[in-house]
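Subject: Structure handover

Hello,

The structure you asked about is below, with the sequence. My notes follow it.

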Amino acid sequence: MKNLFEKWKTRIPKYSEVHKDIFTSLSQKFGAEGEKKINLGKHFSTNYELYTYAFFLGLYNNEFSPIPDGEKKTDFSHHIQHWGSKTTVSTRKDFTNLQENMFIALLAKTDIDLVALEKGELDEDDAVKALVKTMESYTNGGLILIKEKLEENPNYFLQPTSFLNMILEKEKV
Amino acid sequence: MIIRKIQIDNYLCYYDTNTFELSEGLNIILGENGEGKTKFFESVDWLFNGENRELDMLVSAKKLNETEIGDSFRVRVSMTVEQYGEKSIITKSFLAKKEKANECSTSSFMIEGISENSSGERSQVDGQALLDRIFPFQIRKYSMFKGEAELNIFESDSALANLINLFSEAKHYDKYSEKGAFLREKAEKAVEDSSKLDKKNEALYKKLEGDIIYLEREKAKYLVHLNSTEEEIRKIEGNLQLAESHVSNADALETLNRRIKDIEEKISYLTGRIDENYTTSLFDENWILVNFESFHKEFAEKVSAHSKTRRELQSEFDKQKGIKVGEKKAKAELLNNAIPLPNNIPSKAIMEEMLDAEICKVCNREAKKGSEAYEFMMKRLKTYLESQVTEDNEPDKDEPLFKYDYTNRLDNLSISHEDNLKNLRLIRTIIKELFEFNDDRKKDIEELNEQLEKEKTEREKILGNSSIGAEKLSDVLKNYNAWQRDLKNRNQDQVDYTSKLKSLESELKAKKEEKDKIDTSSANSFLIKTRNILRDIETIFIDTKENKFEEFIEKLQTKSNRFLEIINIDSFTGEISIYKKNRLGKTTVEVQLMQNGRPLYKPNESLETSMYISILFAISELAYETKNEYYPLIFDAPTSSFGDYKTAQFLNLIYETKNQKILVTKNFLDRDKATKKLFIKKDFESVKRDKAFWVKLEEPFNKNDLTTINTQVINL
């Protein structure tokens, strides 16, 4: 394996069980589209959409919050490379570009000794682990921000623009 | 088949023997109300379909009166028919025995048949069987047309469907499709049993079977929903038209309704154009990357810094190792000891372009062929090309400094995303524009809604000027608006159910395919092949049957409309729509008069009559096409809503059709004002016909005494 990106894609990032409620209430586990999604009161078609959203939200707000050691971690057994997979839902677009950008951000934000990596002194798996950890930390930060919003105003997300606004609000960091 | 003669003996007003010698073409029987016209029709109907019940009600009072107590006479209706050159006589009769004054008993009811072959040899046959053979029951049913009150021959659920089955070739496929289904089911079962032997997929297989059963059930449920919704839509549309008929200013109402519909359509179109899937666009349109540029920059800087470090280290490493020292040194000097760029920068294509143009596009100076700058560029290109050739004569036995090359890939990622930055910068604008677009549409919708309210108020005003009483008016108004709403909702339901059914069907198909896949890997391949063949065969039979049925309906509709146009020449016709419906697994065929694609729920009587007559003619024509034989059509007062002029026109038109027609009518008769005597109007002379009779009561008669009643048949 000589490609960090390829290797990183095969991983399943985790989130803290503390945030399980957010996933249940905001996203649809088995995928919903259009009217069904709205009828169920869900905003995100899938769990990984919410995960991606939380990651960027955390990133833009510089909310780097590693999951505390005491908290139980969980995942939704979906490899990053299958996020937004074209085969699942015909009406949606694939996430390849988003995956690459996530990776770009992670590499920028993770302290990896690239020289050591290329020399073979640093294990590739360790580097990928570091990237995933960064991802989990920003996502955790994003989830905390969402939780705060909800606590502040439980109806905040009833507006169709609410999630978009949270991303737009943050001007270029 | 042609009816040559009808003879009526002692049947109600037909005292003794009365004979109608009929012609092949149009036979017109004129008669005033109560003078025997309808009794003629009923006697024929009795012959065709009559029962052996209350026969004493059919006896001629005059005949009974003349008969001595204890004596008896026969009541009889007989028909002489010619078919394929052979003559047959069918007679239905019974014996009436006078018991006392005005009372009789009946006995020995019989249907006799006499068959006469071409050489004139006569033989006694079963009368009912003979009738059914020469004039099949289903056709008989559509040959008799009694006035306007009994048009409902088409309204029975399955009447028309049965008829179509009788005539269309679809019926031939019945036995095959049943057999096909039976065999296919057997084969399916065999494949399933064979698949179940394979334990590997047991659980999945069971689940799929469960899913399929569930989906089939759902599908059936939604079919029921859809059918009842369609039924409701028809009912509501009927109600609306009924309400509209109360309204004096129907034209204005129609215009308004059209305008309201237009506005509603515009609103729904605009609503559809508003795209508020903002959260979805975060992903699908990559809006979530709106603030990403700085991170990309951070990444690019990191990668390029690392790339520089790497080259620095490599250069130092190379120098230290003393490999190609001279060359490196010279290069280093040339670069004033700066770190050399990678060989592939600028790229081969760019180098070639610059050489070709004789310009160094890096420092934007001329580099003429032969100049130092030109030579430099040439050398650089050469170095790059050499670096691409693997030098197997100089294997590098030494351990390299870097075991892996991530830099190149990261570099490529950085460069490929550089182009995307431009798009990222546009996201804010795109979002802003979409917000503006959506806001504009919402404003448009608001304006349209105001307009809609205005039009609706206007409609209420028009409905208010209705011709019915004031107390009923508010009901109509209330209902009218409720119906409009209901109609809109039901239409939406119809769309929803249809799409739900479609998605259920595709889901079902997917599950079945999945199950088939397991079969393919688990079941015996011979069984699968057999099953597939049987499936195909069943599909072919079912499809063919359907197609033949549809074909027939289509034909019937086309022909009916052609007749309708002929009958209603010079006036409004509308269009007959004949359509198949599947109601709870039962196929029915329905008839509806349409105008501009909308059902016409309250056609006037004459239009409705001409519609039914047209269908009868069409059926008769189709009967000819399948049986190669024309059947007579017998009409009782079909044109009573037509008026003399239209009746004459109608008669002249049907005169041209090929069937034998027996038509009973009270048109063309009038009573002299002075003498009170009935006479035939002059107009009748211009009516084309082959034969005409006048049935009238023998005079004088006592209108209070049935025993004085006798209908004369006068040949005209």
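Helices and strands here are DSSP runs: a helix needs H or I over at least four residues, a strand needs E over at least two, and both are numbered from the N terminus. Please keep in mind that this is a predicted model.

Chain A

On that assignment, chain A has 8 helices and 2 strands. Along the sequence they come in the order α-β-α-α-α-β-α-α-α-α. Of the 173 residues in chain A, 51% are buried. Taking contacts in chain A between residues at least 6 apart in sequence, 72% join residues at least 24 apart.

Between the chains

The interface involves 45 residues of chain A, in contact with 42 residues of chain B. About 4,300 Å² is buried between chain A and chain B, and carbon and sulfur atoms account for 64% of that area. There are 2 salt bridges between the two chains. In a salt bridge from B:Glu298 to A:Lys109, the side chains meet at 3.2 Å, N to O.

Aromatic rings

Over all chains the count is 36 aromatic pairs. One of them is B:Tyr278 with B:Phe435, an edge-to-face pair with 5.0 Å centre to centre and 85° between the planes. This pair links distant parts of the chain: B:Tyr278 is in helix α9 (residues 278-284) of chain B and B:Phe435 is in helix α14 (residues 407-464) of chain B, 157 residues apart. Buried means under 20% relative accessible area, so B:Tyr278, at 2%, counts as buried. B:Phe435 has a relative accessible area of 25% and is therefore partly exposed.

One aromatic cluster takes in residues of both chains, including A:Tyr15, A:Phe44, A:Trp83, A:Phe163 and B:Phe283.

Two lysines of chain B lie over rings. The charged end of B:Lys62 is 4.8 Å from the centre of the ring of B:Tyr15 and sits over that ring. B:Lys92 lies over the face of B:Trp46, 5.3 Å from the ring centre.

Helix α17 of chain B

Just after α17(B), B:Asn628 takes a positive phi of about 55°.

Regards

Methods: Residues numbered from 1 in each chain as written. Chains lettered and ligands numbered in written order. Predicted model: local features only at pLDDT ≥ 70, side-chain atom pairs only at ≥ 80, totals over all residues. Heavy atoms only, no water. Phe/Tyr/Trp six-rings, centres within 6.5 Å; stacked < 30°, edge-to-face > 60°. Buried < 20%, exposed > 50% of the residue type's maximum accessible area, 1.4 Å probe, protein only. Lys NZ or Arg CZ within 6 Å of the ring centre and 35° of its normal. Contact = heavy atoms within 4.5 Å. Buried area = accessible area lost by both parts, 1.4 Å probe. Salt bridge = Lys/Arg side-chain N within 4 Å of Asp/Glu carboxyl O.
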